[in-house]
Amino acid sequence: MGKPHPLLHTPLPVAELRVQFPILAQAIHGHPLAYLDNAASTPMPLPVLQALETFETQQRANIHRGVHTLSQRATDAFDAARATLKDYLGATAEHELVFTSGTTEALNLVAQGLWAGGPGHAWLRPSDRIIVSGLEHHANLLPWQHAARMSGAQLDILLPDAEGRLHEADLAALLDVGGARVFAVTACANATGERPPYEALLRLARQAGALTVLDAAQVAAHGTPVLAQLPDCDFLALSGHKMHGPLGIGVLAGRREALERLHPLRLGGDMVEQASYHGARYAALPARLEGGTPNIAGAVGLAAAARFIDQAGRAAIGAHLQALRAQAVAGLQAIPDVRVLSPHATDAALIAFTVPGVHPHDVGQLLDEAGVAVRTGHHCAQPLLEHLGCGPTTRASFALFNTADEVERLIAGVARARELLQ
């Protein structure tokens with residue numbers, strides 16, 4: 001079995017943090033819940049639940065242009081949430097942060113916004129090339145496939161090596177061909193935990209004249225990139241439900257000149273400055289990209305989640321998660337035949353693995369019977385897993401409330417599954 005990593009003696013007050021998550025105080029099949037599915041969705045702590053309750057019971061109304069008190073309260077709460085998240089992401093101005101329903105909508109907004117708008121207005125043209133990393137979740141691949149079809153641009157994949165790593169030299173070779181208009185990459189692969197050298201990759205692409213897109217969904221709850229320290233990042237996307245916030249809320253942040261290139265995805269509502277029967281003039285950022293009534297409560301809850309994470313300390317959270325993964329890697333690799341994907345990804349918060357001869361669904365079901373919640377399947381990254389030759393996997397993912405004991409329960413459950421099913 002694995003042993004607790006020395007870094008688990010960090011000052012992160014895990015026991016105090018756990019009591020902030022009511023959902024964890026339950027038994028599953030007679031066992032205490034060990035929630036290890038945080039890469040899919042994270043539980044909400046009390047401060048977020050309380051922020052939502054305050055909004056819904058004291059402030060709920062539609063925002064902007066309302067002169068009554070509740071509308072003004074809701075508007076103030078929404079604007080304050082944007083300001084909080086601007087600081088959390090290190091955006092330089094509040095108009096550089098657009099609320100979306102999540103990472104998927106944010107990435108679709110970028111991809112569609114770059115080919116829509118009609119001849120002479122679209123950023124993508126038939127002579128252009130779109131380069132997408134081979135580590136991506138479907139949400140950062142399928143929109144670019146569609147953008148290539150609609151614009152006539154060529155789609156190229158920056159493939160990882162046999163260990164799942166991306167290399168700067170391979171991107172440089174693709175860029176040397178010329179015509180690169182967009183480069184999209186993840187900050188952490190949700191199917192393997194691989195943390196590519198995205199800063200260097202973004203820099204290479206930007207120097208070649210491409211707009212750059214970073215999927216930050218899997219680092220939103222701990223190692224969120226700070227835009228002020230990423231001068232070569234044009235767009236950054238994340239989801240609230242992966243950083244202890246509500247479902248149905250996310251963020252697209254980026255440089256103003258890049259955001260202004262996007263044709264709006266949703267037309268109507270609050271994104272109009274002036275309209276007639278024959279045309280319309282769109283509002284300035286961020287409103288022009290936020291058509292319709294926004295998820296006001298979601299924004300308020302997401303801001304509360306950002307404050308919760310910062311109060312715990314992103315560096316302390318990151319160290320804790322690295323230690324949990326190191327413990328899991330050591331323990332799982334000690335089980336005969338178990339294959340751990342990207343074991344070298346020491347700063348990831350998730351671990352994916354296979355047990356030859358045992359289907360991941362069966363592993364997941366046996367773990368659930370022991371109260372351990374994990375994810376099984378292709379994790380919306382089927383092309384990557386097929387490229388790595390492993391097919392579906394079992395994935396465990398950690399958050400600030402997880403413990404060394406829960407990792408030991410994971411390891412013991414996998415060992416038992418192998419003994420029973422292989």
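How many cavities of 30 Å³ or more does a search of the whole structure find? The search finds two, where a cavity is a set of points on a 1 Å grid over the protein atoms alone at which a 1.4 Å probe fits but cannot get out. This is a predicted model, in which local features need pLDDT of at least 70, side-chain atom pairs count only at pLDDT 80 or more, and totals for chains, interfaces and linings use all residues. Residues are numbered from 1 along each chain as its sequence is written, and side-chain values use heavy atoms, with hydrogens and water left out.

**View 1. The largest cavity.** Its volume is about 150 Å³ (the space filled by probe spheres set on the points, which are joined across faces, edges and corners). Of the 20 lining residues, Asn38, Gln218, His222, Ala349 and Phe398 lie nearest the centre; lining residues have an atom within 4 Å of a point.

**View 2. The second largest cavity.** Here the volume is about 40 Å³. Look for Thr100, Glu105, Leu109, Leu265, Arg266 and Leu289 in the lining.

**View 3. Helices H11 and H13.** H11 (residues 360-369) packs against H13 (residues 404-421) at an angle of about 125 degrees, with the axes 9 Å apart. Helices are DSSP runs (H or I, at least four residues) numbered from the N terminus; axes are lines fitted to C-alpha atoms over the stretch in contact, and angles run from 0 to 180 degrees between N-to-C directions. Asp362, Val363, Leu366 and Leu367 in H11 meet residues of H13 including Arg409, Leu410 and Gly413, contact meaning heavy atoms within 4.5 Å.

Technical notes: Helices (H or I, at least four residues) and strands (E, at least two) are DSSP runs, numbered from the N terminus. On a 1 Å grid over the protein atoms alone, a cavity is a set of points where a 1.4 Å probe fits but cannot get out, and a pocket is an open set with protein on both sides within 12 Å along at least five of seven lines; lining residues have an atom within 4 Å of a point.
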